[in-house]
Every structure is written in structure tokens, then in C-alpha cells.
Amino acid sequence: MKKLKLNKKKDNRRWLGQYGDKRANLEYPNTSMIDALMEVSRKYPEYYAYEYFGNKVTYRVFMRQIEDIAKALKNYGVEKDDRVTICMPSTPEAICMVYAVNLIGAVSSMIHPLSSEKEIENYINQADSKFMLTLDITLEKVMNIKRNTKLQKIIVASAGTSMPPLMRELYKITNYKKNVKLPKDDDIVPWNKFISSAPDYVGVCHEPRSAADLAVILYSGGTTGTPKGIMLSNLCFNALALEAHEMIDQAIPGNSVLALLPIFHGFGLAVCIHAPLLRGMKCILIPQFDAKKFGELIKKNRPNFIVGVPTLYEALLKQKLREKDLECVEAAVSGGDILSPELKKKVDNYLKEHGSNARVRVGYGLTEATAATCLSKENTNIEGCIGFPLPDTYFKIVKIDTHEEAGINEDGEICISGPTIMTGYLNNDAETHQVLRYHEDGKVWLHTGDIGCMMEDGTVIFKQRLKRMIVSSGYNVYPSYIENIIISHPSVLACTVIGIPHKYRGQVAKAYIVLKDGIEPTSEIKKEIQELCNKNISKYAIPKEYEYRKQLPKTLVGKVAFTKLEEESK
């Protein structure tokens, strides 16, 4: 397989001394995600690729499932470069679909099943998708907006589809209120009907692709807080996987990872799925995480890896486990939000007390950089420390609104360059050029909007976000987007949204609302505004609190002083 070797110019990476016996530079396959995965399946055909509620599937069978889905896609008319929207949690159908889409040279567009109708419509139209795989309980929302899109076929699967037979029946019984009767519509294709069409296709499925070709579109708020499609290439995912393997000793064939983070999240798809699979590991798929059952989940599945956000580790501390119940856990990584030294210390002690030698390692990344760019050592416990950059990943701290590098321990904007950086925002050159900038050193740098500093030895310290953003259970929530929705109500004059502390989720959104003159916040108006939010905002981003005021505090230049509101809420 042809390898890519990245061009190396002057190497001024302060952190090189931290690699020890690890390589600072790697070679990457000039191929697709699925081709890289095929190489692994040929090495470890009888190793398990994934497990779903006790159903274990080997790499050999996994490849066969992917090929069948690819044939079915071709049979339904999906062609090279088409965009296929996947609106699913982490189920076998969703995982296999991502690789099947990649196999035929098309592009997966990943969206959250809890997205609002308007968001789903926006994402489908941004990607120009004509084909979609969706969860059955999300179908009603999709059907409500279908006429506003170019969707031709909607494939429908259930979270219970790949469960063992008895569990599948139990799932139907216990979720009877959610059971969906599919409408009689030629455009709606049940999963079983879809997959049974695979033998009807007799042509070639495999469409060779290069590392630079677009593979996946994920969604985030971008620098303005409005939803943006983030375009990630085959190289982005393959490079991230190989970088992670180099930095984590426990990433060995046959080990398992508890895939708790969803595949529509960059951290979930890149770190919890693709990286383990490219190492011959087993992904234990969890479509819906229940914090109260976290301990039982670990005892039952015996994972070697736990990867999650800080709130997940807070949930771990509440589990009633026996002395050796965590003996299986060899590595633990936290990302998606800052893990405080206090919480890290508690989790490390909890792991040790329950039989694990693992210590939590803190990672840092963003969807625009395929979710992971930096990783700390196990024994590091400095406030805000996010470790040092992964191989071939360059970090630079620049003075705000410049390309000028800040000094050692001097705060500035974190900028990143390397093989995992996105190719750009979908259909949005203006914002792409705002965050991907050529610097005088000849590299393209991603301006993250995060403030931090770099120590003498190259260790990176995260300080705060330059842009307004709320992180709720690892998900980015953008105040400006919520504000625009609320302000669209005819009775609303102004609105400001801030993040307030939440015991489990870290932060949740709170909306401060000023109504127009003469309008009082009656129960009817409050209900209308809440229904407006419920319809147009993802479930995880809907404000948990609404406060009505006559006016909002202002800065000297007349802007809303949201920092003052944040102080009041503490």
C-alpha cells in the first residue's frame, strides 16, 4: 500500500523530548478508511470487530456485512460522491453503513438523532443528501421535513435490529410506546428490505479513493455558532488512528474499547470506532448510555479501554463496584471538556481501589481536527494541562488576532497544523478562510478560538474559550444559535443565553429573555417560546432554565454583558 510521508520543514517542536521511545513522525496510507480497515481484517480475520448486546462479530463477518450494505446502496442508486445522511446512534447498522458508503466512494453525513426538525432539514440540505439512514423513532421528524429536501430514499433501522433474538423481542416489549409503524411510502425502506436487496446487485462496489478525498461530514457550530458541516478526509481519520496507536501502549490487537460516545460526534467516530478498528481491537457498541448502569456495563463487558467526557468519569465515581471489578481497565482517556485536577485525582484513586492500573490521560481536540490532537501523560496533573501534541501535529500559541507566536507561558490563541485538520466547512468558504489560515511558515493553521499557553517543554495548557460556547456532557452548545431561535418569536425583543453549572452535565443553557413593550410573560407566551425551542433546537441544547427580565445588563459600548449574567448565576 502506497504510503504518504508528510513534508517536514524546519522542526521547532519544543515537545519532541516528551516522546521518549515514541515516533514523532509517521507514514500514512494514501487510501480510504475502508481500504485501511481491509488491511486490518486480512491480518486478524477471526478477531472480534464489534460486540452489540452480546452479539460478537469477527472482522471477517464485519467485512461481509459492509460489502452487503455497499451492494444494497448501489442497488438503490447511490453513486460515487453522493452524500448519505446517517442519523443513528452507535448501532451495527450505522457503523457498517459508514464504511459501506466509504467503500463505494460516497460520503457519510453524520447527524444527531435528537436534532430538531429544522436542524435535520438544514443538515440534509447542506450535504445535498438524496439518501438517508435513520433511527425509527426519528422518522416522524424526517417525514415532516422531507418535502423540503431532495431525499429519494429513507432507510429505517431500529436500535433493536442487531440484538440477539430474545433481547430484540424484549426491546420491542419494553419500548412499546416508541415502536414505530412505518408509513406506506415507496420512499421508506425498512432495514430488512434494504439489506435483502444486496444479492440483486452484480456490479463492482469498490471505488478506490485517495487519502485526500472527502470521507465524512460532521457538524459543529464553527466560529459563529451557527451549524457548519465539517469536511474530513480519509487521511484525517486514518492519521488520527495511527497517531493514537503510537501514543497509547495499550492499543493492541484483541483489546476492547467501550464505545460510549456516539458516532455523530467526532470523538465517538474517530477515537472510539475507527482508531480501535484500525488496530484489530473490539468496539463494544453502546447506543444509549445510562449513567446509573455504568458499573454494570463495565462488569458485564470487561473493556480494556474507557474513553469518555468528564461527566462520564463523574458517573463512574458513583458506581458501587467491588475491589477487582475494574481490573480489566488498562487505559482511560478523557476529552470533550476540561478534566479538573481534583476530578482526575478522584478517578485515578477510584480506578486503583477497584483493581485497575490505569490513570486517566487528558486529551484535547475539536471536530475541525478530527477530535484529538493532544494527549497528556498518565502522571500529569496540572490545572488545564492537555498534554503535548500527537505525532506530526504542530501546535502554536499566537497573540490574539495575529500570526505572531506568543512567548513561553504567554497566553494566546491555540493554533494547530497537521494531517487531521479538516479540509474546510461545507459550502462556506468565508468561514473556512477565517479559521484555516496560511501563516508565514508555509503551513495551514487551524485557529481554534481557544486560549492557552505552552510551557518550556512543549506541554500545552488550556485556559478558556475565545468564542462563546457551552459544553454540556461533551457536546458543544452555541448560545448565538439558541438566541436566534428565541428572538424569532414575535413577542421577544432580546435574548441572551449563557451556560450555568449542572451537577452531572457540567453546564446547561439558560435563556434570559426580554419581551417587547406591553407584553407580559404569561404562561401562554412562556409555553410558546418553550415549544419553539423544542421544535428547533437539539434536545441536549434546549435551555434548562428561562428567566424573563425587563432589561439585560450592558457593557459600556452597549453590548449585552453576558459575563455579568454568568457571575450572577454562580
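Strand β3 (residues 48-52) runs alongside β4 and pairs with it in the antiparallel sense over 4 bridges, where strands (E, at least two residues) and helices (H or I, at least four) are DSSP runs numbered from the N terminus, and two strands count as paired if DSSP finds at least two bridges between them. The model is predicted, with local features needing pLDDT of at least 70 and side-chain atom pairs counting only at pLDDT 80 or more, while totals for chains, interfaces and linings use all residues. Residues are numbered from 1 along each chain as its sequence is written, and side-chain values use heavy atoms, with hydrogens and water left out.

Within this pair of strands, tyrosine 48 has threonine 58 of β4 as its bridge partner. Helix α2 (residues 59-75) packs on the sheet and touches β3 and β4, its direction making about 85 degrees with that of β4; contact here means heavy atoms within 4.5 Å, and angles run from 0 to 180 degrees between N-to-C directions, with axes fitted as lines to C-alpha atoms, for helices over the stretch in contact. Helix α10 (residues 294-301) also packs on the sheet, touching β3, β12 (256-259), β13 (282-285) and β14 (305-308), and its direction makes about 155 degrees with that of β12.

The sheet as a whole is open and has 9 strands in the order β4-β3-β13-β12-β14-β15-β16-β17-β18, with mixed pairing. Because β4 (55-58) and β18 (388-389) each have a single partner strand, they stand at the edges, and one side of each is left without a neighbour in the sheet.

From α2 the reader can move on to helix α3 (residues 92-103), which packs against α2 at an angle of about 65 degrees, with the axes 8 Å apart. In α2, the residues Phe62, Gln65, Ile66, Glu67, Ile69, Ala70 and Leu73 take part in this contact, and among their partners in α3 are Ile95, Met97 and Leu103. By class, the contact has 12 nonpolar, 1 polar and 2 charged residues, where Ala, Val, Leu, Ile, Met, Phe, Trp, Tyr, Cys and Pro count as nonpolar, Asp, Glu, Lys and Arg as charged, and the others, Gly among them, as polar.

Another open sheet has 3 strands in the order β27-β28-β29, again with mixed pairing. Its edge strands are β27 and β29 (545-548), each of which pairs on one side only, and the twist averages 25 degrees from one strand to the next. β28 and β29 pair in the parallel sense over 4 bridges, and alanine 511 has tyrosine 546 in β29 as its bridge partner. Helix α14 (residues 479-487) packs on this sheet, touching β27, β28 and β29, and its direction makes about 140 degrees with that of β27. Helix α15 (residues 523-536) touches β27, β28 and β29 as well, with its direction at about 140 degrees to that of β29.

A pocket is an open set of points on a 1 Å grid over the protein atoms alone, with protein on both sides within 12 Å along at least five of seven lines, and its lining residues have an atom within 4 Å of a point. The lining has 36 residues, of which Asp337, Arg465, Met469, Val471 and Gln507 lie nearest the centre, and it divides into 16 nonpolar, 10 polar and 10 charged residues.

Notes: On a 1 Å grid over the protein atoms alone, a cavity is a set of points where a 1.4 Å probe fits but cannot get out, and a pocket is an open set with protein on both sides within 12 Å along at least five of seven lines; lining residues have an atom within 4 Å of a point.
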